[in-house]
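Hi,

Here is the structure I promised to hand over. Please have a look at it first, and then read on for what turned up in it.

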Amino acid sequence: MRNRTYYLLFLLLLLSIPGFSQENSLKTYSFSLQEAIQFGIENNYQSQIAQKDVEKALQQKWEIISQGLPQITGSADYQNYLKQPVTLLPAEITGGEPGTFVPVTFGTKQSMNATATWNQLIFDGSYIVGIQSVQTLLQISKNAKTKTDLEVKKAVINAYGNVLLAQESVDILQKNVKSLQKTYNDTKKIYENGLTEQEDVEQLEITLLNLKNQLNHSERMQQIAHELLNLSLGIPVENKVILTDDLDQLAMRYFDPQLLNDSIPVEENIDYRIAKNSAESAEIQIKLQKAKSLPTLTGFVNYGYQGYSNDFTFLNSDQNYFNQSILGVSLNIPIFSSGMRSSRTKQREIEYKQSLLELQRTENEVKRKIQSAKSDYEFSLENFQNAQKNLELAQRIENKNQIKFFEGISSSFELSEAQRQLYSAQQNYLQSMLDVITARVELENLLDTRTYDNEN
């Protein structure tokens, strides 16, 4: 009986291990907004991919450069003629009858050949253009990383703000439900004592049910907001993230009318820099096509050993090897391509003109976006101040209607209207704070002149 008890306890312990391990694998993070931004830039999936692109571009840079540096290759060949080829020689060479042939086998049955070759590019116009394109290639990936980091920053701020908005919304709705529940209970007792109409109770009940429904919806949205924040940070959605900033603090921190006076040269905007990279890349493609019409000159040095034997004696110390060496150059001159190279060059020239037009379009688009972002930010500041005033007014109106209702001066319909107006003002105020934050980050991203080198 005792052994059976021990066995059951041991089995329960084994069954509990997976759940225990899974629980321990979950992590809890705590971030202020700035900490969350930094963490997201380092760990967001897209940001990591962009960083890998920079690392890949660095490797491509060396790949292009190394094409003009010496290239050494080695080869080793072993041959064993299972059936040696036969050559027919005139028989008269060996004193035989004229017109007849004697079968002869030349060489040994086995052979070994080892060769090392040094190749060197002496002149290639395409290589020269490739060297010139290295910096542009690297700059393209760096600017792409900078653009990704700005987008990650915006995504993290928006997600962080949405979580705070959801939390504040749930807190306010819970307080409203508690307060309205008390009003409903008090009104119901008054009705049971015959001092008010049933319609007053039913009107409050309708408002209470709607408010509870909004609370349930906000609680579900809060969970979704947390998952979106985790995704933007590059954290598994199962892990818990605690936010140390609150919405009021962030709204006041991001409330800065002086930002509306800031400006930058449009050439320093990241979207313009990316478009400029595209134009530079298109210009390099023209040079590359033209360089392909130039001659290419390469040289090589070859050195090797050859050994022969009827048996496999190549590893013996007395095996004879014979040296061989070749020095050579190769000149390749493009002469006539039936207009193919000319057609390709013209295509690249057209693409370059397209990239210049795109650069002009981007310049105007950046200017428009900056002005639009300033307008949106200015509106968010004004709307935030108005929402503050509206909330204060709605609170006073609701308090007065509460007093009037219990004094029998106003109806439940008037109280419900005042309550709905208050609830709407509360949500508008919360949303106005988030709008200040999101509008500012949009403007900051457009005015941001950071470069990859400065960040690293």
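The side chains of lysine 154 and glutamate 442 meet in a salt bridge, with N and O 3.2 Å apart (a salt bridge being a side-chain nitrogen of Lys or Arg within 4 Å of a carboxyl oxygen of Asp or Glu). Lysine 154 belongs to helix α4 (residues 125-192) and glutamate 442 to helix α9, so this pair ties together parts that are 288 residues apart in sequence. Helices here are DSSP runs of H or I with at least four residues, strands are runs of E with at least two, and both are numbered from the N terminus. Lysine 154 is buried at 18% relative accessible area, while glutamate 442 is partly exposed at 33%; buried means under 20%, exposed over 50%, and partly exposed in between, using a 1.4 Å probe and protein chains only.

Before going further, a word on the source: this is a predicted model, in which local features need pLDDT of at least 70 and side-chain atom pairs count only at pLDDT 80 or more, whereas totals for chains, interfaces and linings use all residues. Residues are numbered from 1 along each chain as its sequence is written, and side-chain values use heavy atoms, leaving out hydrogens and water.

By the salt-bridge rule the count comes to 16. One of them joins glutamate 365 and arginine 368 at 2.7 Å, N to O. These two are 3 residues apart in helix α8, which means they are separated by about one helical turn. Glutamate 365 is partly exposed at 24%, and so is arginine 368 at 47%. Shared partners also link Lys147, Glu151, Lys154, Asp271 and Glu442 into one network of salt bridges.

Now to the rings. The whole structure holds 11 aromatic pairs (rings of Phe, Tyr and Trp, the last by its six-membered ring, with centres within 6.5 Å; planes under 30 degrees apart are stacked, over 60 edge-to-face, the rest tilted). Among them, tyrosine 308 and phenylalanine 322 are tilted, at 6.3 Å centre to centre and 40° between the planes. Tyrosine 308 lies in strand β7 (residues 296-309) and phenylalanine 322 in strand β8 (residues 321-332), so the pair connects parts 14 residues apart in sequence.

One last thing to look at is serine 338, in the loop between β8 and α8. Serine 338 has a positive phi of about 60° although it is not a glycine, and it is exposed at 62% relative accessibility.

Enjoy exploring!
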